[in-house]
Amino acid sequence: MHGMVNRALQGFLTATYGQHVWTQVRRQAGLPFDDFEAMLEYPDAMMPACVQSAAAVLHKQPNAVLEDLGTWLVTDPDLEPLRRLMRFSGTSFIDFLHALEDLGDRGRLVLPQLDLPQITLERAEGARFRVCARWVVPGIGPILMGCLRAMADDYGALALLSLGGIAQDGTECVDIQLLDAAFSEGRSFDLARAGA
Amino acid sequence: MIGLPPSLGRVIGLSGGALDQLMPMHLWIDADGVIVQAGPTLAKMAGRRDLAGQPLFETIELRRPARIATMGALAKLVGQRLGLALVAAPNLPLRGALAVLPGGAGMILDISLGLSFARAVAGFGLTLNDFSPCDQTVELLYLHEANASTMALSRHLTQRLEAARAMAEAEALTDPLTGLANRRAMDAEIARALADPGDAFGLIQIDLDLFKQINDSLGHAAGDAVLARVGHVLRHQLRLGDMAARVGGDEFTALIRDCTDPAELSRIAARLIEAIEAPVIHHGQVCRISASIGIALVNSYPDRPTPEQLTADADAALYAAKRAGRGRYALHSERPVARGTDAPSPRPRRRADDAPPQGFRRRQTDQLPRPD
């Protein structure tokens, strides 16, 4: 797994709960080093091991940890560059949902080894969507849900999200009911980077 | 001549709205060079709500393939790759392509952002909606930003690795070229051994002779081969418990344990010199060096010396040996030097068994190793 993903999990735990929590998590998960490096590769099993340890250390459900991670990726001020990259996908939340299917290609455009989830979007009747994702490790469902909830906010859309279960082949789904595509102003997105 | 298939010869009509959608940066110019219609993004870039009625050459300046400003010259550029800029923004180069409309309806000039797209997007305040979905400029911007972020991450990683490498190097105890210990390790070992009152040892300082000549005449690779060879000699000539280190460019130190006998140290020194003098063949070139050696013995001091004292005395013996000529060794002695003479306290000798207790024994010049 690309270190970018592991590093994000470490960053989330450190920024939200403090260095001491990360120290406990990595010890419990048996990591043979102190920090993940964003530009290195790691065995796939390390990420789920860290999530399990974090859940135990924080007395939370693993899904809750993952969902918070997804939200943090979009909302943390230090990760503004990542939010911006997401916003390049479309002018509205619906646009953004459709562009999720390009997420893998978008990631590979920047980091050829980055293994982002394979996502498909199904549109049900009305303003109901189902986002289904397959990834190298379990847990992409709650991460996506946290991330999509924050992105809906970012676009100013009002939406209800829920986990839609895990299929036999490991595909995890998120159900989205879009109540109002233009509920609020949302956060601004200027194509040109500030200071660029 | 084969005629065009009917479909390619057919003229299609597009509404102005369709043109705006497909080419939000187009200009429709009439035969007199007056703008009939401008795409919404281009109008935004020119800083006007409506460009219609404006003369083309007051709105844009054509730069490539030539700076032209007449409709006649423009007509000849149909189908070519054009370089241009808005008069309102001469510092943001754009590119364009020209097509003639049928029935004397003028021309269409389609425009896109050039390589300065990032500056242009900022300068013109463009948004996602200003680009056709088929225009990859937004993806270029995305890549531009993403690359900047990943480059920063790579840079941080490189810096951290560099810092870790520097730290590892600072803490290293081995000389990578010879595989011997380094000065750090040797200093620590001398201090440790001196702190142990039961540890009687001898210190041998070795300085290579003629090494600079090898380096200068045969190159650094040959010099490195010679140094590696000296490392090999020291590892094999010393006992397992002894310790050898490369403490400088061509300086080595050996710590000989459980040694209270100057004669034994002298024998070791003589053996080392002999082994070091064995020629090294490097890429067909014969490299010959020798070594000068200074010796200090811990139990020759009335009290235990400090590490600095011991090392300085071994160094002094080494310089005395060097002054006496190449390939010699000398022992530091605590015995006083005869007053009124310049004779140094160390007594450099060529061989342990053939050297008289005082004075130097000269070597035969033909025995001197030569680099060539």
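Which residues of helix H5 (residues 80-87) of chain A are buried? In this predicted model, they are A:Arg83, A:Arg84, A:Leu85, A:Met86 and A:Arg87. Their cover comes from both chains: it includes helices H4 (62-75), H6 (93-99) and H8 (140-155) of chain A, together with helix H7 (137-171) of chain B.

That brings us to the contact between the chains. Chain B puts in 23 residues and chain A 21 residues. Between them, the two chains bury about 2,000 Å², with 69% of that on carbon and sulfur atoms. On the chain B side, B:Leu128, B:Tyr142 and B:Glu145 supply 37% of the area buried against chain A, more than any other three residues.

| Between chain B and chain A | Count |
|---|---|
| Salt bridges | three salt bridges |
| Polar contacts (both residues at pLDDT 80 or more) | four residue pairs |

One salt bridge links A:Arg106 with B:Glu139, whose closest N and O atoms sit 2.8 Å apart. Helices H6 (117-124) and H7 of chain B are the elements giving two or more residues to the side that touches chain A, and H7(B) gives the most, with 16 residues.

Chain B also has an open sheet of six strands, ordered S7-S9-S10-S8-S13-S14 with mixed pairing. Strands S7 (181-182) and S14 (329-331) of chain B each have a single partner strand, so one side of each lacks a neighbour in the sheet. Further in, S8 (residues 202-209) and S13 (residues 290-297) of chain B run antiparallel, joined by eight bridges; B:Leu203 pairs with B:Ala296 in S13(B). Helix H12 (residues 307-323) of chain B packs on this sheet, touching S8, S13 and S14 of chain B, and its direction makes about 140° with that of S13(B).

Methods:
Residues numbered from 1 in each chain as written. Chains lettered and ligands numbered in written order. Predicted model: local features only at pLDDT ≥ 70, side-chain atom pairs only at ≥ 80, totals over all residues. Heavy atoms only, no water. Pairing = 2+ DSSP bridges. Helix = DSSP H or I, 4+ residues; strand = E, 2+ residues; numbered from the N terminus. Contact = heavy atoms within 4.5 Å. Axes fitted to C-alpha atoms, helices over the stretch in contact; angles between N-to-C directions. Buried < 20%, exposed > 50% of the residue type's maximum accessible area, 1.4 Å probe, protein only. Buried area = accessible area lost by both parts, 1.4 Å probe. Salt bridge = Lys/Arg side-chain N within 4 Å of Asp/Glu carboxyl O. Polar contact = N/O pair within 3.5 Å; in protein donor to acceptor, adjacent residues only side chain to side chain.
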